[in-house]
Amino acid sequence: MDNSHVALVSMMLKAESFSPFRCDRNIALGINLSSLMKVLRCAQNEDILTLKAEDAPDVVNLVFETSESDRLSEYDIKLMDIDQEHLGIPETEYAATISMPSSEFQRICRDLMALSESVAIEATKDGVKFSCSGDIGNGAVTLRSHTNVENPEKNIDISLSEPVALTFSLKYLVNFCKASGLSGTVKLCLSNEVPLLVEYTLASNSYLRFYLAPKIGDEE
Amino acid sequence: MKTRVSRSAKPVQADSVKAPNHPTLQQDPVKLVLLPQSAGPDSRMCTLAHPSTSKASRYYWCPGGGLHEFQKVKAPRRAYRSWLLGPGAASTPTGLGLHSASQPTAEQVNRKAQSCVVPGVEALRKAPKAAPFGHTVKEADISIATAIDVLFFALPPLHTQTSNNTKGLFLSVDDLFDTALESPMQLKYLLLQDALRQAVEKRIAAVCDDVDAGDEKMYRLNMDKLVLELVAKARRMSSSGLPRSMEANFVDKALEAPMINLEREVSSISTAATETIPAPSASIGEKQLTLAKRGSNGSDCSFHTNRTVPDHSPPRNVQDHFKDLLRLRTALSFIMSSYLTKALATAIQTILDSSSSPVDFKPLDEHLTYLGRLRAEALASCSLSNISRKRSMVDDEEAAEAKAEKRRKKEEDENRQKAGLTRGIRELKKVDVTGMKKMSDFFGRKPA
């Protein structure tokens, strides 16, 4: 969760993503993100990463192997107690699910960000409309279902059980869009009165999910 | 003063050789003393009560020149370290002092060597009867005998007599000193000398009412006469100018108007008008002063300082008048503080402050208060212009410290927090999250 507790990140890396993968029992490792970032910066693109933790650990061990030069670097990151609540996120049936190229979503957010701090997302059977209004004026982007036969990644798919209209903070969305590099498509799931789910699907059933609470009250 | 020099040893009554049981005398350093020209064989060193402190002090009496006190002139710190008294041409023997009765041993002859010297020249020429070798004096200080009015010695007894008896008894000179002086003081014995006695009586007569009682005259202190006498003394002292340090400290400094970046606007008085005002007090009264704080522009300030201050300060003759008055008062207070007892000085001060004072110091007082006010205003305006930047020392030292401590802590906290935060998180802090519910409102706690 972020500091204001209005957004939540959840990333799932399935066991298939690892080779080998071994986990004897469930264990939670509290890692300071900026520490993790510092250590990860020590890795190179094609390095093989091994994550290790003992039973009742106080450090997590990262090993970077550079196969072509037989370089091996090893780091320990001290663990921290995360006394944050572990929220259980139920699988929800969303009223509207939109999947689109992640670059398209990134562009919309970036463009609208220039006008306003928040965006209203309206999903109807005609399409989905991202609109905002700010000091200098207002703007809107509307997407319709679209199928690109040659390049299925560019498909825009809207499935809707009932119309939804919600407002979100663009700054958070722009931050979510930084994950665009991880996946070519992004899935937005909306229901009234429920956080927006932004999901980037990763290889082998893994995913990166962002949740963002809608703005209620000053909807226009 | 005199060009005569006598190295009269201070331990006069004792000859160090003859009194070896007197340890201090051996160690007593030889002192160099400048005696008056009138010093003769009848001159004496004597111990008298100091007129102000009534401590036993050394004085020099010579029948021709009167009573002298010794003023010690300290040697300059670095310049002259000691005196060399060398053999030289003869001069008239003087300065025999009280020790002349003792048998001159070789050393004493040496000590009594009479020499002639131009002040400031270290080499002294010795009398022929002195030993033919030179003599060094370790301490470079020099004591100079300067004339002192015998009146001052008569005043304490005179004053105590009159103040003790409210009616004010008339007393003869003998009674006066008999009752007043304790045995170690030698004035009583000196009074046996006619010359001194006449001098004392003459001086006493100048400040006293007197009555004839048979062949003797009886005296009673008259304060008004005394004040007149003191004022005359002070006049004499100030007329030829005060010593430079006194002038600088008590006269020039006191009359200095504050030089500040204030514009004094004399609204009703032109320069011509000021000149025609006869009394200094009048010019003060009419002065309308407004203080105008100048802007922060420095050149502007200095311009006004240069132009306005000389224009509107009191005219020269008025200033001179103030100066003379202040000089007179400085001289008076010097005399009172150095030669009068405290009680007497207060009594005289009251007379001087009253309307019956022979000199009217009121305009001076008014001028000084006016200057004081100007100074205070200048100070106030200075601190006013700085008020935004300066804190008063008194209350804030601790507070400032506490504040600094707090700030340091806060900064530390911030730094620590910043170190744990990424840029993205910091930026998200600025996001407006009003109307957004917390995640925990949507998602329940995960069952453990």
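A salt bridge is taken here as a side-chain nitrogen of Lys or Arg within 4 Å of a carboxyl oxygen of Asp or Glu. In the predicted model, B:Asp252 and B:Lys323 form such a pair, their closest N and O atoms being 3.7 Å apart.

In chain A, a salt bridge joins the side chains of A:Lys171 and A:Glu117, with an N to O distance of 3.9 Å. Because A:Lys171 lies in helix 3 of chain A and A:Glu117 in the loop between helix 2 (102-113) and strand 6 (118-123) of chain A, the pair ties together parts that are 54 residues apart in sequence. A:Lys171 is partly exposed at 24% relative accessibility, as is A:Glu117 at 34%. Beyond such individual pairs, B:Asp149, B:Arg203, B:Glu229 and B:Lys233 are linked in a network of salt bridges, and the search of the whole structure gives 14 salt bridges over all chains.

Across the interface of chain A and chain B, by contrast, 0 salt bridges are found. The side of chain A that touches chain B draws at least two residues from each of strand 1 (7-12), helix 1 (33-40), helix 3 (170-176) and strand 13 (207-212) of chain A. Helix 3 of chain A provides the largest share of that side, with 3 residues. Classified by residue type, the side of chain A that touches chain B comprises 16 nonpolar, 8 polar and 5 charged residues. The contact involves 29 residues from chain A and 23 residues from chain B, and the two chains bury about 2,300 Å² between them, 66% of it on carbon and sulfur atoms. Between chain A and chain B, 3 residue pairs are in polar contact, with both residues of each pair at pLDDT 80 or more.

With a disulfide requiring two cysteine sulfur atoms within 2.5 Å, the count over all chains is 0 disulfides. A:Cys109 is accordingly in no disulfide, the nearest cysteine sulfur, that of A:Cys177, being 3.8 Å away. A:Cys109 is buried, with a relative accessible area of 3%, and B:Cys208 likewise counts as buried, at 0% relative accessibility.

A further buried site is B:His50, which has a relative accessibility of 18% and is placed in the loop between strand 3 (44-49) and strand 4 (56-62) of chain B. When neighbours within four places in sequence are left aside, the contacts of B:His50 are with B:Lys55, B:Ser57, B:Tyr59 and B:Ser338.

Technical notes
Residues are numbered from 1 along each chain as its sequence is written. Chains are lettered from A and ligands numbered from 1 in the order in which they are written. This is a predicted model: local features need pLDDT of at least 70, side-chain atom pairs count only at pLDDT 80 or more; totals for chains, interfaces and linings use all residues. Side-chain values use heavy atoms; hydrogens and water are left out. Buried means under 20% relative accessible area, exposed over 50%, partly exposed in between (1.4 Å probe, protein chains only). Helices (H or I, at least four residues) and strands (E, at least two) are DSSP runs, numbered from the N terminus. Contact means heavy atoms within 4.5 Å. Buried area is the accessible area (1.4 Å probe) that two parts lose on being put together, summed over both. A polar contact is a pair of N or O atoms within 3.5 Å; within protein, one must be able to donate a hydrogen and the other to accept it, and residues adjacent in sequence count only if both atoms are side-chain atoms. Ala, Val, Leu, Ile, Met, Phe, Trp, Tyr, Cys and Pro count as nonpolar, Asp, Glu, Lys and Arg as charged, and the others, Gly among them, as polar.
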